[in-house]
Structures are given as C-alpha cells and as structure tokens.
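Hi,

Here is the structure I said I would pass on. Have a look at it first, and then read my notes below.

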Amino acid sequence: MISDLWLQFVLTIDATLRLATPLILCAMAGIFSERSGIIDISLEGKMLLSAFTAATMAAITGSPWLGLASAMIISVVFSLLHGFACISHRGNQVVSGLAINMLASGLTVTVGNALFSLGGQTPLLSNAQRFAPIAFPLAESLRQIPGLGIIYTEVISGHNLLVWAALLSVFITRVVLLRSTFGLRLRAVGETPEAVDTAGISVVGIRYQAVIIAGVLCGMAGAYLSIAHGASFLREMTAGKGYISLAAMIFGNWRPVPVLMACLLFGFLDALAARLGGVDLPWIGQLSTDLIQILPYVLTVVLLAGFIGKTTPPGAIGVPYVKRR
Amino acid sequence: MERTLPPWVDMGLLPLINVLVVFVVTGIFIAIIGENPFSALTVMLKGAFIDKGALGYTLFYATNFIFTGLAVAVAFHAMLFNIGGEGQAMMGGLGLTMTALVLDPILPPFLVVLLAIPMATLMGALWGVIPGWLQAKRGSHVLITTIMFNFIASSIIVWLLAGPLIEPGQMSPQTRSFADGVQLAQLHTIFNTIGFSLPSSPLNVSFTLALGASFGVWLLLWRTRLGYIIRASGHSKRAALYAGYSPTGTIVITMAISGALAGLMALNEVLGVQERLTLNFTAGYGFTGIAVALMGRNHPVGILLASLLFGALYQGGAELDFQFQSITREIVLIVQGFIVLFSGALAHMFRPMLEKVFATAKPSHKDVSHDK
Amino acid sequence: MGAKLQRGEGSADGCCAVSLYGISKTFGSVRANKNISLDIPAGTIHGIIGENGSGKSTLVSILYGFYGADGGRIRIFGNDLKIQSTAHAIAAGIGMVHQHFMLVPSFTVLENLVLGHEGSGGLLQGMARGRSELQGLSREYGLDVDPDAVVADLPVGIQQRVEILKALYRGARILILDEPTGVLTPQETDQLFNILRALNQQQGVTILFITHKLREIMALTHGVSIMRDGEMVAHRCTATTNPQELAELMVGRPVLLDGIWHQAKVGKVVLQVNNLALDGTRGMPLVRDLSFQVRAGEILGVAGVSGNGQSELLELLAGIGAPSRGSITLGEYTFTKTNPITPLVIKELGVAHVPEDRHAMGLVLPFSAAESAILGHEHSPIIGDGPWLNPGKLKAHCGQLMANFHIRPPDPKRQSRLFSGGNQQKMVLAREMSTNPTILLVGQPTRGVDIGAIEFIHQQLIALRDRGCAIIMVSVELDEILSLSDRIMVMSDGASMGIIERKDADARSIGLLMTGVD
C-alpha cells in the first residue's frame with residue numbers, strides 16, 4: 001500500500017517534469033522578450049505554429065532534427081513579425097500578439113489540411129521521426145533498489161532531449177541575464193530604454209535580439225509537443241499552455257529560477273489532475289479534473305491581485321520606445 | 001508633434017488601405033495553397049450575400065460581432081483592454097440558461113425570456129466587473145486578468161456540462177432544451193406573419209437589439225456626462241484624478257457595461273438558435289470582437305461595418321469550406337489575424353506615407369510648442 | 001573609452017572644441033533650429049540661454065547625435081564630423097547630462113556606469129574595471145559615490161553626479177548639461193558649479209551649459225550665446241554683459257520686471273490650514289506640519305526648489321488625495337484625513353484649481369478644446385440637461401472662454417494638443433476662472449509659456465485678486481513669486497520656512513530660506 005502510493009507519487013513527479021517542459025521553455029522565451037520590454041502573449045501562437053512545423057517537417061523528411069530546426073525558424077519568423085509591428089512600428093504589443101495567435105490557429109489547420117487532408121492533423125510519426133526518451137545506464141537494474149530506485153528509473157532516466165534542454169535553458173537564461181553584457185543591456189532596455197539609447201546602444205537592436213531568442217525557445221517548446229512528447233500535430237494542441245507559461249512567468253516575477261518553480265507547480269497541478277481524474281478520494285469523493293485545471297489561472301489572478309506577494313514587472317514593459325527631447 | 005491628416009483620410013482611407021492589404025495578403029496565401037483567390041472571393045461573396053437566406057446568416061453572425069465588438073470598444077475608450085469577451089459571453093449564456101432551466105417549468109415562456117435577458121447581462125457584467133475591480137483596487141491589469149477569466153469561465157462551463165447540468169441520459173456535453181417558446185423570435189417568422197416572405201435563417205430579434213446597443217453606445221460615449229468621464233479617464237489618468245472622477249467607479253462601471261454587452265451575445269446564440277447551453281457556443285466570437293473593434297476604430301458605426309464584414313466572412317467561409325478542397329473554415333481565422341495585425345498593431349504603418357502625400361497638399365498650423 | 005582627460009587639443013592655440021555651421025532642424029512644420037552657427041573655444045564654460053521653446057534643447061540633442069540635423073556642419077576639435085548617432089558623439093568625446101536623468105533606477109551606480117561601455121571580456125571583468133576607474137574619478141574630482149548603491153535610493157543631487165561620472169567614464173572632453181539645476185537646491189547647485197569649475201580648470205573639459213536662468217549664466221560661464229525662436233540671436237562674453245541685456249536679447253524687446261502689482265485690499269480669512277502633513281509611500285514625510293491662512297483678495301506665493309512639497313500641498317488643497325494629519329478649513333467646513341476634501345467638493349465651495357502640469361492634468365490632449373474646456377465641470381447645467389451633453393452648448397461655452405482669454409486659434413473643435421503652450425495654459429485658466437472662484441489654487445502658472453502669454457496671465461491673476469479672490473500660487477520661478485505675491489511662503493523639504501511679507505522679501509533672503517537655512 002505504502003509502496004504503491006510512493007510509486008504513484010513518483011510517477012506524478014515524472015509526469016510533472018514532462019508537462020512542465022513546454023511551460024519552462026515558453027516561460028524562458030517570455031522572460032527574454034518581456035525583460036526587454038516587449039509583452040509577448042503570442043507565446044501560445046508561436047508554440048502552436050512550431051509544433052505544427054516540427055511535426056510536418058519530421059513527417060516529410062523523417063528527421064526530428066530538421067523538424068526542430070524548422071520549428072525554431074518559423075517561431076523566429078513570427079517573433080520578427082511581432083518585432084516589426086511592436087519595435088519598428090511601435091504598434092500595440094498585445095494586439096500584435098493576439099494577431100499572431102489568431103494567425104497560428106488559422107494557418108496550422110488550413111495548411112495542415114492542404115498538405116495532409118487529415119482534418120488539420122499531421123500524420124502519426126514513427127519513433128525514428130521523434131525525439132525518443134533517453135534511458136540512462138542501469139535504469140532497469142537500479143529500479144529494484146527499494147524506494148529510491150524508481151526515482152532514478154522514472155524521474156531522472158527516460159526523458160527526451162528537449163526535457164533536458166528545457167532545464168538547461170533556465171540555467172542559461174539566468175547566466176545570460178545576470179552575468180553577461182548582453183543581459184545587462186537587455187534588462188536596462190526593459191527598465192529605462194532612454195538610458196541605453198543615450199549610452200550609444202541601439203534599443204531597437206537589443207529588443208530584436210531579445211525577441212529572436214524568445215522565438216528560438218518557443219520553437220523548441222512547440223517541437224517538444226508534437227515530436228517529442230507527442231507523435232503528431234493535433235489542432236489547437238497547445239490548449240492554452242502559452243498563456244499558462246505567461247502566468248508562470250508573472251508568478252515567478254520575471255526571474256528564471258522562481259519562474260521554473262512556477263512552471264513545475266503548474267505542471268504538477270496538471271499531472272495531479274490527470275492522475276486524480278475519476279479516482280474516489282476519501283472524504284472528498286470524485287474530484288473534477290476540470291476544476292483542478294482552473295487552479296493555475298485562479299492562482300495567477302490571486303497573485304496578481306497582490307494577495308500572495310507583489311509582482312514587479314519590468315519598468316518599460318509594453319511601452320514603445322520613442323526618442324524624447 | 002503629430003501631424004494631422006484630414007479626417008476623411010484618417011477615418012476612411014487609412015483603415016480602407018489596411019483592409020485592402022489584408023485581402024491582398026490573404027489572396028496570396030490562398031494562391032500559395034493552390035486555389036484561385038478570385039474564385040474563392042466570388043464564392044464567398046455569393047455565399048454571404050446572394051444565395052437564398054445567405055444574408056440572414058451573415059447578419060446573424062454579424063449580431064454576435066456587434067455585441068462583442070462594442071464590448072471591446074467601450075472598454076478601450078476607458079483605456080482598458082478587455083480580452084475577456086469570450087468568458088463574459090460564456091457567463092452570460094450560463095446566467096441565461098440557469099434562469100431558463102429553473103423557471104421554464106413554472107413560468108410562461110415570455111416571462112422566462114424577459115427574466116433570462118437581464119440575467120445574461122448581469123452575469124456578463126459580473127465577469128467584467130471582477131477583473132475591473134481587481135485592477136482598480138488591487139492593481140492587477142484587466143488585460144491579464146480577463147485572459148485568465150476566459151479560461152476560468154470555460155473550465156466552469158466544461159465542468160457544469162460534464163456533470164451538474166448535463167441532459168440526463170445523454171452523453172454530449174449540453175443541457176436539456178428549454179421549454180417550448182423560451183426563445184427569441186426569428187425575423188423571418190415575424191416577417192412572415194405580417195405578410196412578407198423571407199427565406200429561413202437564424203437571424204432573430206437579437207439583431208435589432210444589437211443595432212439598438214450600437215446607438216446606445218454612441219449616445220453613452222459622446223452625448224452623456226458619464227461617457228465624457230469614461231473617455232477622459234481613458235485618455236488621462238491624472239486628468240481624471242484632477243477632475244475628481246473616481247478611478248474605481250469609472251473602471252467598474254465601464255467593465256460592467258463592457259461585460260454586459262459581451263454577455264448579450266449569448267442571447268443570439270443560446271436564446272436565438274440553440275435553445276440550450278452547449279459547449280463552446282461562443283466559438284471565439286469574443287476574440288473576433290477585438291478585431292471588429294480595432295477595424296471599426298472603436299466607433300459604433302465602424303463596428304457595424306466591421307461586423308458585417310466578419311459576418312460575411314464567417315458565412316462565406318462556411319461556403320468556401322464546402323466548395324474548395326484545400327480551404328477550410330479556419331481561413332476566417334487567418335483573415336481575422338491579418339485584420340488584427342494590419343488594422344491594429346500595424347494600423348499606422350501607412351500613416352507617414354499618407355502624411356507625406358497630404359502634407360504637400362495642405363500646410364498645417366504651426367504653433368506647437370517644442371522645447372519640452 | 002577610459003577616463004583619460006587631456007586638456008582639449010589645441011586649446012592653447014585658441015582652437016574651438018565645438019563649431020557649428022548653419023544647423024537647421026524641422027519637426028513637422030515647426031522649425032526648431034534655423035541656420036544656427038556657434039563656436040565654443042576649447043577649455044571654456046559656455047552658456048546657451050533662451051526661453052522655453054527657443055530651440056536650445058534641440059540644438060544640443062543634435063550635437064549629441066540624438067537627432068540628425070536637416071542641414072549644417074559640425075566640427076569637433078577642428079575635425080569635421082558627421083554625428084549620426086549617440087555612439088558617434090560619445091566616440092568624439094562628447095558627454096551629456098540630460099534634464100531628465102538617463103539612469104536605470106533599479107541598477108546600481110556601477111551597473112549604470114558601465115552600461116553600454118562594458119568593454120571586452122565578460123560583464124564581471126567590465127564591472128571590475130568600472131569599479132577601479134570609478135574610484136579614480138571619485139578621488140580626482142571629489143565626486144564621492146557608493147558604487148553599489150541602487151540609483152533609485154540616491155538623492156537627486158547624487159544621481160546627477162552619477163550622470164557626470166558616466167560622461168567622464170566614457171571619456172568626455174566636452175560636457176553638455178541641459179537645464180541641470182531645475183531639480184537642485186541652491187546648495188546642490190553651488191556644489192555642481194564647483195564640480196564643473198574643477199573639471200574645467202583642472203582637466204580642461206569644455207562645458208556647454210544650457211539654461212534659462214540668467215543668474216547661472218552670470219555665475220558660471222565664460223561666454224554665452226542667446227537663442228530665441230529657434231535662432232541664434234547673439235553671442236556675448238559674460239564678463240562684459242549684464243542680466244538686463246541678456247534678458248532683452250532672450251525676449252527680443254525691453255523687459256519690464258515688476259510693474260503690474262499694486263497694493264491689495266485684503267478681506268476675511270477664507271482658507272485655514274492647520275498642522276497639515278502628508279507621508280509618502282515609504283513613510284518619508286512629503287509635507288510637514290504646515291499651518292497658514294489665506295485671506296480674500298491676496299496672493300500667497302509658495303516658493304521653493306521643485307520637489308520640496310509644494311506640489312503635494314497644492315494637490316492636498318485641491319482634494320487630490322487625503323492628508324496624513326492635520327486639517328483644511330474652508331469657510332465653515334473642516335476637512336481631515338477621515339473626512340477628506342475632494343475635487344468635487346472644493347468646486348462646490350468655490351475653489352478653482354489650475355494644476356501644475358497642464359498636459360497630464362489640466363487638459364485631455366486628444367480631446368477637442370470644447371471637451372477639454374469642461375474637464376471637471378462636466379456636470380454643469382450650462383452644457384446640457386440631465387445626464388446629457390449638448391454639443392452645441394459645449395461649443396458655445398468654449399467659444400466664450402476663447403473670446404474672453406484671447407485664445408488662438410479660436411476653434412473649439414481643434415484638438416487640445418495642437419494649441420501652443422501659452423494658449424493651452426490660457427484655456428485652463430479660462431475654464432477655472434469662469435466660475436468666479438473665491439479661492440484659486442494655481443501651480444506654475446507660466447511654465448513653458450511664451451512671454452506675451454506670461455504678461456496676460458499675470459494680469460489676469462492680479463485682476464482676479466482685485467475682485468476679492470484668494471490666490472495660492474506655487475511657482476519655482478522666484479521672479480514670478482516676487483513680482484505677484486502679497487505674501488510669500490517658502491518651502492523646504494516639505495516644511496514651511498516661514499511666511500514673509502512682500503515688503504520684506506528679496507531674492508537673497510528667499511533663496512537662503514529655500515536651502516532650508518533659517
């Protein structure tokens with residue numbers, strides 16, 4: 001009984017990691033964009049587009065690597081569109097993001113249908129066309145160690161490359177943001193762009209670089225959904241994950257490590273919902289998975305309202321930069 | 001600082017150019033996926049306006065967009081970005097449905113309808129007021145909160161339709177039908193009774209209500225003291241503070257009006273056609289409202305025109321789906337995305353060009369102070 | 001790069017640090033700079049003086065590469081340069097201290113210093129280099145700053161030092177300062193001047209000092225150039241000119257200082273303030289324990305360096321925000337923290353308010369003039385019945401105000417933002433005076449207003465006073481305070497340093513009080 005509960009718990013943690021991966025990548029993308037002052041609600045759309053592109057390219061070429069690369073490219077292209085509208089033309093950043101999300105919904109289904117005639121889906125991928133789980137050495141033999149063995153086997157071993165990439169991205173984001181010249185400039189641009197401009201550095205240049213990095217990370221998140229975690233593209237397969245990442249980013253106050261924690265929390269809630277669906281719990285009865293899935297949104301609303309802590313968004317976020325005398 | 005264009009260019013030509021660009025870009029896209037954009041356009045126009053009953057459908061869809069477009073626009077005037085039209089419409093539908101399900105066994109149908117309409121308004125308003133109140137009192141932005149509230153509303157409806165409210169003995173996530181007569185009269189039946197023959201369509205009295213709401217919004221914003229306060233507060237927070245307008249009051253009232261308008265959308269879908277609550281009856285119309293408001297420049301007249309365009313797109317899009325191999329209904333989402341992009345985020349892309357053209361034509365005044 | 005500050009090359013042979021030939025710049029239809037030429041000898045402190053809107057900020061922005069000029073040539077230390085960006089200007093040895101500081105508030109002093117000039121290697125190396133150079137600079141010029149302090153926590157005077165250090169760190173040999181004293185106390189101003197003199201004399205840094213204050217030009221500069229209406233009208237050697245001549249050159253005609261004030265007929269007390277106090281967000285007192293009264297028919301001038309609680313006092317009296325302690329008594333009504341006054345209530349009690357910032361508060365810039373003309377008065381019955389607004393009546397009302405105050409152009413449908421500063425200010429005054437107030441609160445009545453409008457506004461204020469209105473006037477322009485006030489309250493650090501009768505007041509004594517010295 002105890003060991004069964006332990007197994008359940010370990011499996012939930014394992015699922016948490018899998019479910020949090022796209023959130024982490026997306027949220028890191030959001031950090032780069034928003035710390036430079038550009039609101040990015042198009043995470044959802046870019047992730048959807050790159051999921052579609054990854055699955056399509058993997059299906060056509062048979063290579064998951066080409067799928068991943070093209071996913072990143074398409075995501076960067078739309079990041080550049082966002083930049084063109086918001087940085088070059090000083091358009092409303094939210095409106096531009098919404099446009100990209102709408103385009104993503106329409107383009108993926110329409111192009112998918114035109115290519116494959118599968119009602120917007122892409123063909124099912126074989127294992128060779130996907131990023132397969134990486135089993136660590138001795139995973140199966142260590143399973144036998146009571147208690148801790150399954151942690152190694154289930155939680156640490158058996159993840160695909162992109163899960164590790166996601167965790168690595170947190171570390172990289174942190175180092176770049178806090179320890180590099182580029183990071184210093186990026187943070188300054190998001191707080192006080194005029195200070196950067198008068199230092200002789202191009203505000204536009206820094207912001208474009210930021211949204212391009214965001215595009216790359218978002219592309220990885222999308223590819224994860226369709227060619228690593230899943231085995232094909234399904235219409236609307238992001239299902240609000242981009243917005244959850246946005247919520248996680250706010251939850252973590254635009255700082256890499258707290259944001260990682262928020263992503264893991266939301267991933268855990270998701271895993272929990274899947275595990276508890278239809279299970280009779282003592283005293284509570286059947287818990288509705290739909291209601292657990294509300295939690296990230298409710299938590300974010302409560303947090304934003306200052307009931308848990310205080311959020312401090314970048315000072316110049318959402319404000320197009322205009323030179324002033 | 002800003003050069004002004006003649007009003008007809010600013011309000012007419014510029015938006016027109018933006019829409020034209022959308023059509024050109026969409027046309028190119030259609031050509032890329034291997035269809036003929038011109039025949040697609042013909043099919044769409046025919047399907048939206050000419051085929052028997054088509055116009056009725058077009059106006060039926062337009063009704064949804066008028067409500068959600070007005071909802072976004074009213075909030076915009078107070079500088080509030082209400083992305084929550086979708087959730088507010090859902091909650092409106094829920095309020096309406098609950099009223100109907102509870103009361104239709106005991107009250108005559110017309111009374112049920114009479115009570116259900118204010119409930120739709122109230123629930124929509126409530127779903128707008130909470131984010132508004134949170135912004136006014138707790139400092140969380142309506143923009144983000146309403147996004148979250150869309151997901152919350154949608155999860156609530158999914159949950160209710162999966163269990164508590166599902167029609168007994170059925171598997172599909174929807175409530176039972178309302179009692180006979182708990183519905184809004186469809187226009188073709190009204191016209192038939194007074195002797196005009198109209199082809200059958202779901203167009204119902206919500207449409208006239210939508211027209212009334214448009215006029216009402218115009219009156220409110222430009223002809224009342226309250227509207228003045230809303231617009232002044234939207235343009236300048238400090239000026240509102242100076243003039244003594246309560247920020248909380250303005251935000252809450254504006255979001256209530258905005259949410260109520262979005263909630264009214266449910267009348268058209270739930271009470272006008274389906275006569276029961278179904279999953280996803282809002283079908284993204286709340287988001288389309290953003291496109292409509294942007295394209296209509298947040299003015300009721302513009303919103304009516306934009307709604308007509310989107311109504312035609314939705315109706316004609318269905319026809320496209322039917323007639324073309326490679327084109328699906330989702331083409332509408334693409335057009336919508338391009339409209340939000342070119343009429344919203346890139347709305348002023350062509351402004352410098354037009355300013356050059358018209359500045360040479362007419363010198364403007366020269367008394368702007370500069371050293372600031 | 002680096003802080004090697006050599007004497008301006010060629011300063012010995014009389015070469016110019018900066019030479020401008022025929023600089024022109026047009027914004028839209030406004031010609032901000034018309035064919036401007038200027039020579040600044042290396043190693044001197046040179047002033048540019050002009051009224052608001054005369055084009056001096058535009059000129060230095062061009063020099064600093066913030067805007068490209070439409071025409072003209074720039075020569076730095078004898079070399080023709082095309083300064084197309086700020087980076088070019090910095091590379092040419094030009095540094096600038098902006099009117100609004102260009103600092104990232106959440107960064108430390110050191111981070112702000114190295115931003116954009118981190119040098120090769122990683123950020124940490126750059127920061128280490130910055131730290132040692134900062135120490136060197138601090139030692140050399142006595143510019144003491146804690147490198148690890150967060151800028152937001154520093155007083156304004158120190159933030160300005162950081163700006164100067166930034167410029168020096170980037171190797172500036174020409175330092176531009178744009179209206180640097182607006183935010184400083186007279187003491188801080190003196191310190192700044194000492195620093196500038198030291199930079200100039202010991203290191204040969206050429207300094208370009210932009211201001212509209214004659215006093216500063218006389219105190220600091222070697223030479224001065226005068227701008228008016230986007231044109232360079234004259235150059236003078238400071239030693240051989242005088243304030244009267246400079247003032248006339250700035251304005252373009254003889255200036256009458258004083259003249260319109262005459263003895264007031266003072267009535268009964270209409271406003272009584274007792275122990276009024278306001279605490280800021282972090283418990284910092286913004287207004288400390290103010291008590292005073294104002295009588296009908298007098299002008300109480302409130303003097304002080306910007307940011308010493310005058311703005312907060314004005315807003316408290318206008319009902320924008322509640323006080324932390326103390327009371328305000330208007331006629332028979334007393335207002336306190338728990339029973340705060342509001343903008344709506346003061347109107348009912350006959351108080352009108354002309355706010356300090358007409359762009360953010362006094363007007364709604366995108367509104368038509370007619371709409372702006374009812375801001376805060378939208379419930380007046382003269383513009384509609386019941387809940388309705390009548391556009392015809394709105395227009396007529398605005399037309400009336402425009403006629404009374406000679407507002408140009410007299411077009412009620414014109415967007416508020418398109419009027420000149422003077423006409424915008426007249427519009428706010430017209431609106432607020434139209435109700436025949438018993439008390440008028442007015443902040444910076446002539447900030448950014450052309451000279452003609454200044455005279456008109458001053459006359460209107462005196463006329464209103466003569467009709468028995470009590471006026472509380474907050475202004476950072478000491479000349480304005482001295483020429484209009486019947487009594488003067490001087491504020492420093494949120495507290496009143498005393499109220500002085502007009503006959504006892506002069507610039508010196510008030511200036512001293514402004515520093516917080518009794």
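What is the mean pLDDT of chain B, and what share of its residues reach 70 or more? This is a predicted model, so I started with confidence. The mean for chain B is 90, with 95% of its residues at a pLDDT of 70 or more. The stretch to watch is residues 362-372 of chain B, where the pLDDT is below 50. That stretch still has 29 contacts in the model beyond near neighbours in sequence. Where pLDDT is low, though, predicted coordinates should not be read in detail.

Next, the contact between chains A and B. Chain A puts in 37 residues, and chain B puts in 37 residues. On the chain A side, α3 (64-88), α4 (93-116), α11 (241-251) and α13 (289-304) each supply at least two residues. By class, the side of chain A that touches chain B has 22 nonpolar, 13 polar and 2 charged residues.

Then chain C, which is divided into four pieces: domain 1 (1-93 + 173-252), domain 2 (99-172), domain 3 (259-350 + 437-518) and domain 4 (362-436). I looked at domains 3 and 4 of chain C, whose C-alpha centres lie 25 Å apart. In their contact, 10 residues of domain 3 of chain C meet 10 residues of domain 4 of chain C. Helix α15 (residues 451-466) of chain C gives the largest share of the domain 3 side, 4 residues. That side has 7 nonpolar, 2 polar and 1 charged residues.

Cheers

How values were computed. Residues are numbered from 1 along each chain as its sequence is written. Chains are lettered from A and ligands numbered from 1 in the order in which they are written. This is a predicted model: local features need pLDDT of at least 70, side-chain atom pairs count only at pLDDT 80 or more; totals for chains, interfaces and linings use all residues. Two residues are in contact if their C-beta atoms, placed from the backbone, lie within 7 Å. Ala, Val, Leu, Ile, Met, Phe, Trp, Tyr, Cys and Pro count as nonpolar, Asp, Glu, Lys and Arg as charged, and the others, Gly among them, as polar. pLDDT is the predictor's confidence in each residue, from 0 to 100. Domain bounds come from an automatic or database domain assignment.
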